[in-house]
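Hi,

Here is the model I promised to pass on.

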Amino acid sequence: MRTAVVIGTGLIGTSAALALAGRGVTVHLSDHDPAAARTAASLGAGTYEPPEGPVDLAIVAVPPAHVADALADAIGRGLARAYVDVASVKGGPRRELESRGVDVSSYIGTHPMAGKERSGPLAATADLFEGRPWVLTPTRETDHEVLNLALELVALCRAVPVVMDADAHDRAVALVSHTPQLVSSMVAARLEEAEESAVRLCGQGIRDVTRIAASDPRMWVEILSANPGPVADVLAGIAADLEETVHALRGLQSADASDRRRGAKGIEDVLRRGNAGRDRVPGKHGAAPAQYETVAVFISDRPGELARIFADAGRAGVNVEDVRIEHATGQQAGLVQLMVEPRAAAVLTAELRERGWALRQQ
Ligand SMILES: NC(=O)c1ccc[n+]([C@@H]2O[C@H](COP(=O)([O-])OP(=O)(O)OC[C@H]3O[C@@H](n4cnc5c(N)ncnc54)[C@H](O)[C@@H]3O)[C@@H](O)[C@H]2O)c1
Ligand SMILES: O=C(O)C(=O)C[C@]1(C(=O)O)C=C[C@@H](O)C=C1
């Protein structure tokens, strides 16, 4: 693949564009918000000049409700030799294109199983898809060359191709992605009106469970609207578990010893089923992604502190691969965790110490 167009330069489109551009593909960026395309271009994801002729692959990375329109328009204009979308739901867009009479032989619905709770080009990274499953839903009508170009996209993004039927995909993601989003939001929603004295105790457990509750509600309304039945089915199963668990907890409150035993058994049962389910969650597939080492630095909550750390890391010639910030409860301070290549950790540690930063002992 030599040339590509990315339509929709948010988190996913810009991440794919960064991966392709980094591997020598000329990428043309387009977004109905010109600022998003300009930002993606400034990150090195490609150019926002339109292509002069048809490109090899057009990647449609817009919110689900706009996918069919964007694809029909691109196919109608003959923008590319092959077209893919990356939307989180796969049955709907294909059916919509077919009902409009669009020739779908040059189109494959795809879905990278990687993302973030943040949106927009500034959240994008070239390695977002590395080692992650990337679902492809070709049909009998799909042209071979088109399938090959889609497989090349997945390979260039260092993801792992998984071929599935579109409706089977939608049932699967209802279980492993769409329902978890709702459950995370529901747990986080309990905090909205909670006492400050409770919220300040939030530890790693609730942070893990509620990370995706920070996702964009507009995007998720679109995703869930395109997959309501399968998600309702999974959620109904969880509702049954919830009802039994509440009953078991009430049993534990009872004065009757046999009710308490039954309650404890019910709770243990749900926790053990949780262990068994969790054991089935696979690690990342394919090539192992880079393992980073963490250098943890204490900072005060003042403007410019992060910029100073990054500048000092840059001066030491160290590339910061990822960053996490933990804010200390009730203090104007925090801990910045800088993820770097293992061989760079010692260099960074020495440089930061010399420049007066307080580092946490690992
Ligand atoms: N966020 C995730 O974790 C994730 C993961 C995998 C797949 N997806 C799918 O990827 C797609 C994009 O999601 P995202 O998280 O990158 O969203 P995003 O909000 O970060 O980016 C979407 C971009 O599309 C642009 N856009 C909207 N309508 C458009 C149109 N008609 N023409 C051109 N540009 C348009 C917006 O301006 C925005 O820049 C969605 O279909 C989503 O279901 C998301
Ligand atoms: O990791 C996250 O933040 C995600 O929500 C990513 C996630 C997922 O559920 O795995 C979310 C929606 C996408 O369609 C694909 C990936």
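Below is what came out of it, starting with confidence, then the ligands, then the helix packing.

First, the ground rules. This is a predicted model, so to speak of local features needs pLDDT of at least 70, side-chain atom pairs count only at pLDDT 80 or more, and totals for chains, interfaces and linings use all residues. Residues are numbered from 1 along each chain as its sequence is written, while chains are lettered from A and ligands numbered from 1 in the order in which they are written.

**Confidence**

The chain has a mean pLDDT (the predictor's confidence in each residue, from 0 to 100) of 93, with 96% of its residues at 70 or more. One stretch to treat separately is residues 285-289, where pLDDT stays under 50. The model has twelve contacts for that stretch beyond four places in sequence; a contact here is two residues whose C-beta atoms, placed from the backbone, lie within 7 Å. For the complex, the predictor gives an ipTM of 0.98 and a pTM of 0.81.

**Ligands**

A residue is near a molecule if its C-beta atom, placed from the backbone, lies within 6 Å of it. Ligand 1 has 28 residues around it, and G8, G10, A87, G115 and S119 come nearest. The elements giving two or more residues to this shell are α1 (11-22), α3 (64-77), β5 (107-112) and α9 (217-225). (Helices are DSSP runs of H or I with at least four residues, strands are E runs of at least two, and both are numbered from the N terminus.) By class, the ligand 1 shell splits into 14 nonpolar, eleven polar and three charged residues. The classes: Ala, Val, Leu, Ile, Met, Phe, Trp, Tyr, Cys and Pro are nonpolar, Asp, Glu, Lys and Arg charged, and the others, Gly among them, polar.

Around ligand 2 sit S88, M113, A114, G115, K116, E117, S177 and I212. That shell has three nonpolar, three polar and two charged residues.

**Helix packing**

Axes are lines fitted to C-alpha atoms, for helices over the stretch in contact, and angles run from 0 to 180 degrees between N-to-C directions.

- α6 (residues 166-189) packs on α10 (residues 228-253) at about 60°, with the axes 8 Å apart. That makes α6 oblique to α10 (under 35 degrees is roughly parallel, over 145 roughly antiparallel, 65 to 115 roughly perpendicular, and the rest oblique). Contact residues include L175, H178 and L182 of α6 and V231, V234 and I238 of α10. This contact has nine nonpolar, two polar and two charged residues.
- α3 and α4 (residues 91-99) pack at about 45°, axes 9 Å apart, and are therefore oblique to each other. α3 also passes α4 in a right-handed crossing. V67, A68, L71 and A72 of α3 meet P93, E96 and L97 of α4, giving six nonpolar, no polar and one charged residues.
- The axes of α10 and α11 (residues 257-279) come within 7 Å and cross at roughly 145°, in a left-handed crossing. Their contact has six nonpolar, five polar and five charged residues.

Cheers

Note on methods
Left-handed = near helix turned anticlockwise from the far one by under 90°.
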